[in-house]
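Hi everyone, thanks for making time this morning. Let me put the structure up on the screen, and then I'll walk you through a few side chains.

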Amino acid sequence: MRRILMSLLAAVCLTPAFSQNLMLEVFSGVNITAYDTPNNFSFNDKNASYFPIGFRIAGGLPNVQIGGEYHTDLTNATFSKSDAFLSTETVIENSYYGGFIRANISPNPAYAFGIILKAGVGIYDASMKYRILDDPSAPQPEIDFDFDGQLGFNGGLGFSLPIAEKLHLEAGYVFNYVKREGGNKFPGFIDYNAFHHSFQLGFSYNFLFGESAKRYDSNKRWKNGWRSSAGGRYKKWGN
């Protein structure tokens with residue numbers, strides 16, 4: 001499955017070379033876990049929030065592009081648990097790479113406000129550190145474990161707001177669906193659902209080629225601005 005996905009990603013990376021619209025995006029935000037695990041695991045007690053950072057590149061037609069995405073953690077999801085016997089801490093480190101399709105519902109996506117719909121598929125990698133906090137003399141006070149990369153899916157909704165010519169503010173929500181397999185490599189640790197919510201904020205820049213560039217050059221209404229005044233004239237960028 002990993003080889004198939006890598007082949008698809010290679011094809012996606014070639015897409016911008018034949019595109020009329022190329023988008024580059026850098027984003028961060030906050031992720032909130034929604035794990036579904038047995039009650040005896042320390043990261044079942046509460047949701048944890050952590051901060052990602054990533055980038056996207058996509059190409060295609062003005063309103064629909066396909067592309068690739070990568071993101072990793074700036075901070076990690078951390079869970080603590082205490083009882084009458086000991087205190088433990090579980091830290092999950094995440095990364096993701098995959099492909100996506102993106103639709104921008106807008107009359108002129110590169111220069112106007114648009115509603116964004118996105119769906120993706122890729123590999124979710126994770127590692128775990130399990131620490132015993134109050135008993136450093138224990139035989140194994142810390143356990144490091146790398147999960148196998150798992151195929152997962154994501155989808156979301158957001159908006160794209162122009163703040164300068166071709167530069168947009170991107171904001172949105174993404175739900176991530178992935179299941180982790182632990183029992184095969186880590187006895188006693190069973191499989192669990194690693195679902196999580198992602199609230200993202202970033203900046204994107206658009207490049208136009210071919211017919212899209214020609215339409216932009218000939219369309220002074222969009223080139224001069226995206227907001228109209230009361231008199232119906234469009235303000236220039238930066239005014």
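Predicted model: local features only at pLDDT ≥ 70, side-chain atom pairs only at ≥ 80, totals over all residues.

T33 belongs to strand β1, residues 21–33, and its side chain comes within 2.9 Å of the backbone nitrogen of A48.

Now to the charged residues. How many salt bridges does a search of the whole structure find? There are six, and I'd like to show you three of them.

Please look at E25 and R56 first. Their closest N and O atoms are 3.1 Å apart in a salt bridge. This pair links distant parts of the chain, with E25 in strand β1 and R56 in strand β3 (residues 52–60), 31 residues apart. Are these two buried or exposed? E25 counts as buried at 7% relative accessibility, and R56 counts as buried too, at 5%.

Next up is E69 with K118, a salt bridge whose closest N and O atoms lie 3.4 Å apart. Here strand β4 (residues 64–73) supplies E69 and strand β7 (residues 114–132) supplies K118, 49 residues apart. E69 is buried at 8%, and K118 is buried at 10%.

My last pair is E89 and R131, with 2.8 Å between the closest N and O atoms of the salt bridge. E89 sits in strand β6 (residues 87–105) and R131 in strand β7, 42 residues apart. E89 is buried at 19%, whereas R131 is partly exposed at 25%.

To tie things together, salt bridges with shared partners join E25, R56, E69 and K118 into one network. Thanks, everyone!

Notes:
Residues numbered from 1 in each chain as written. Heavy atoms only, no water. Helix = DSSP H or I, 4+ residues; strand = E, 2+ residues; numbered from the N terminus. Polar contact = N/O pair within 3.5 Å; in protein donor to acceptor, adjacent residues only side chain to side chain. Salt bridge = Lys/Arg side-chain N within 4 Å of Asp/Glu carboxyl O. Buried < 20%, exposed > 50% of the residue type's maximum accessible area, 1.4 Å probe, protein only.
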